[in-house]
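Trainee: I've just opened this one and could use a guided tour. Can we go through it piece by piece?

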Amino acid sequence: MRGFDYVGKRILFALLTVFVAITLNFVLFRTLSGDAVSALRCRQCTQAFKDYQREQLGLDKSKWEQYKLYLGDLAHGDMGKSLRSEGAVTHELWAPIKNTVPMVALGTLFSIVFGVLAGVVSAWRRGTWADKTTLWTGLSFYSMPPQWLGLIVVLFVASALGLPTAGIKDPTLGILGDASTWDVFVDRMRHMVLPSLTLGLVLYGEYAIIVRSSMLETLGEDYVLTARAKGLSNWATVWKHGLRNALLPIITLVALSLGFIIGGSITIEYVFSYPGIGLAIVEAIDQRDYPILQGAFLLLTFSVILANLVADLLYFKLDPRVST
Amino acid sequence: MSTAVQGAAAAEGVDVAKSGRPGSIRRVVFGEPQALIGLAIVAAFILVALLSPLFLSQDPKTKVGPIFEHPSVSHPLGLDGGGADMVRLLIAGTRVSLLVGFAAAFVSALIGGTVGLASGYFGGKTDIVLMRITDYVIVIPDIPLMIVAAALFGRSLTNIILIIGVIYWTSTARLIRAQVKSVRERVYVKRARALGAGNTRLIFKHVLPQVMPLLIANTVLLVALAIFAETFISFLGLGDPSVISWGRLIENSFTDDAILNNAWWTIVPPGVCVTLLVLGSTMFGQSLEDALNPRLRVGHLSVRRFRMRPLKGKLESE
Amino acid sequence: MSALLEVEGLNVWFDLAGGGELHAVRGVDVQVDAGERFGLVGESGCGKTTAMLTIMGLLPPNASVAGEVRLAGENILARGEESVSPHRWNDVAMVFQGAMNAFNPVKTVGSQIEEPLRLHGIAEGRAARRQVAELLERVGIPSDRAARYPHEFSGGMRQRAAIAMAIACGPKILLADEPTTALDVMVQAQILELLLSLAEDFELALVLVTHDLPVVAQVCDRAAVMYAGEVAEAGSIDALFHTPRHPYTRMLFAATPDLHAGGERVVSIPGAPPRLDRPLVGCPFHPRCDSRFEPCPTVTPLLKVVGEGHVAACHLNDHVREGALV
């Protein structure tokens, strides 16, 4: 089967990258940054206590030993324990992940939908006002630091729309009697809208511009001219020949911009006090909770690698030119 | 932020293929409005940074009035959460942001340029190995890595510059590699080689000058990226606490609860500065890159159609 | 008797980014009869491709057009896009330069040949697929290749497929823009043979646009030589080769050592064609002409009858009195 080779190669690459990421993680946290224990903020820690902790965390062994231990633990899904709460890292990160994923998904959805629309219209009406507006607004939004945009949204938009700007749930919900699932759902959504919107705005720019560019390139292709020559209307040509080809790069684009999405969402969550993985990272940094930081970073990296793999395979499926 | 976006965005306006010669660059810069605007913006900021000592006779952080005072004639952008003059803070921030931007871009360009050069010139195993490494680095998400590295390695400006520089070299490497490969094929390089010129000589005298313009154009784009990246780091409190940067100003406004006080003048201006500078360098850098790496684009489709003109008798014999 | 295709006074301008216009086609008159094989010859940039695209109304939005293109007497450019689009593919079809890229890479070749059949209401579903298979066989491609993608075809086969696609709706005129450029010599000969045999079987008028003279000589009965957006000379191949009445024609044809060698390229004439973004004074060819004389730089030569079915625009023919010949 044609596919096997290619698919196999991509999966292998993904696995190797995962391995590189794990090693990088280890190197960053254990080797270069000095001893996690010595950074522990506890005034009453005696030397004996610190030594004991070291032994517990396996920090008294050689680096190589530690590395093997680390890999072993990971294989079992054990990412260590939070220094602050003593809970397993995987457990501590679970709730934040559950919060972040829908928010990021929603934001990305906004940006893809609006970005594609804007990009297509822009390319279609190249040189007109609609085109220039899309370009400039897209580029401008993309040049804005997401956290700043978040602050602007909070400052000017939130109150106008009557939407909450912090946290993920209304603390008063459920006090005067049980809240129904619907109420909880609405409440969650209301808290999710602004951060998602901010994320969506930042990304919309990128997607609109890329779609436009891809569309323009596609529209300049010979086969588009041929389609028109065959008698297809402008609209039919775009729909049947232009769109599919032009949108192919979107897939890779989303995967590639995942790094940025994640990064942006970290700061956005901070601004909106949205209890997702981004906020968890910020808090972990603040409290020097290295295992959490390490675990979160690893998880984020994994998801980006996974997304890239999915994008590769999707692209492969959709574009018959891609071969071994 | 991806350079692909920067590329696509400012590429508009370059309708006809232009050769990569210096004359054409001048034509692009002074011909295309957006390149000119971009250059003007960047130049304006650089000017402010250079002239900043004139404005900052005293430490910009000194308290000159009540906190969160509204903008007034004496303080056009009001005072921040510590009572310091916003205008002075912004000017001080210009210096730092530009410094970080250029320095980090330089580091990135250095690494990326070297990798691209080596990869494109030597080809073979070197190429494969370097490109593999690049592939891996690309997949690892940049901002989380940056944040983690900043959290771990501390707060000095130098470190921040290095961190940013080390993370963003990959697209430069690829770009330069492609360029070097095409330059390498050119006749005179082969001739020089036939005359016995060694690799070093070839690289520095023949290949590098051809590749330099593109590298510089790309570096301008990197500046935008670096400034953007710095705001991330500063916002999370990981920046150098002893310097004022725009990113830090945004962070300050957040931690000082500017929103509660409705003090938009502490929030809006620093972000506007970042946006403007990033926009400006993107516009300028991309126009430059397009002039050196032109692409011809003809649109076959548009809502508008070709026009019919009335035939005026026997058409005037030209 | 009126020709199948009559182009009269065709002018095409392109708006330039930054103001100004490029006058790419400057008053072209051409007639092609039914079933005739006509060649349009000239250097690249002389406007031949633009003229052809205009016949089908396939111009970008920055183009403006004046003149008439009459198909069986009806001016199809009367109302611009509106009046020309109904004739696309079922009356006039085209095989593009670099037909390699005429196919959308993400769709099968068969589906793309089927497309105009469906669009023009000729056939649907299984009937359409059968016709596609027949068309492919007719051009020498095994019909099971219909389900393949363009990148799986060789250059020559893609060209054949493009030709199959072009004749799918039974046009009366086939415009072929450089159909053999970028193909190797053996394949070129096959493609030309294919075009000829199709023209015969389907009673197609063939308009061959090329800068490759041996091709024109092999395939065409009549030809027009274009230079700087104008027709310099037009007539039978025989007349153009043996008794050219324009120095450009003479230099072009003379530069080809052996017509039967096939695949040889035109040796370029020193100098370059004039810029078309400014008005031209006098004869556009005069700077490169070896026979220029007193009137050439200042007076524009008009297209004049110099023999039976033979016209030329050159002051060397000024002494010829048209009335005496026609």
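Trainee: What order do the elements of chain A run in, from the N terminus on?

Mentor: First, a heads-up: this is a predicted model, where local features need pLDDT of at least 70, side-chain atom pairs count only at pLDDT 80 or more, and totals for chains, interfaces and linings use all residues. Residues are numbered from 1 along each chain as its sequence is written, chains are lettered from A and ligands numbered from 1 in the order written, and side-chain values use heavy atoms, leaving out hydrogens and water. Helices (H or I, at least four residues) and strands (E, at least two) are DSSP runs, numbered from the N terminus. Chain A has 11 helices and 0 strands, so its elements run α-α-α-α-α-α-α-α-α-α-α.

Trainee: Is T226(A) buried or exposed?

Mentor: T226(A) is found in helix 8 (residues 222–229) of chain A. Buried means under 20% relative accessible area, exposed over 50%, partly exposed in between (1.4 Å probe, protein chains only). With a relative accessible area of 1%, T226(A) is therefore buried.

Trainee: Which residues does T226(A) touch?

Mentor: Contact means heavy atoms within 4.5 Å. Leaving out residues up to four places away in sequence, T226(A) touches F96(C), A102(C) and M165(C).

Trainee: In what order do the strands of the open sheet in chain C lie?

Mentor: Two strands pair if DSSP finds at least two bridges between them. The sheet has 8 strands with mixed pairing, and its edge strands, strand 6 (92–95) and strand 11 (304–307) of chain C, each pair on one side only. The order is 6-7-8-3-9-10-12-11.

Trainee: How many bridges join strand 9 to strand 10 of chain C?

Mentor: Strand 9 (residues 222–227) and strand 10 (residues 230–236) of chain C run antiparallel. Y227(C) stands opposite E230(C) in strand 10 of chain C. The number of bridges joining these strands is 6.

Trainee: Over in chain B, which helix gives the largest share of the nonpolar patch?

Mentor: The patch is made by I46(B), L47(B), L50(B), L51(B), L54(B), F55(B) and F102(B). L54(B), for one, counts as exposed because its relative accessibility is 67%, and its place is in helix 3 of chain B. The largest share, 6 residues, comes from helix 3 (residues 33–55) of chain B.

Terms used. Patches are made of residues with over 30% relative accessible area and no salt bridge: like charges are joined within 9 Å, nonpolar side chains (Val, Leu, Ile, Met, Phe, Trp, Tyr) within 5 Å. Accessible areas come from the Shrake-Rupley method with a 1.4 Å probe; for residues, only the protein chains shown count as cover. A salt bridge is a side-chain nitrogen of Lys or Arg within 4 Å of a carboxyl oxygen of Asp or Glu.
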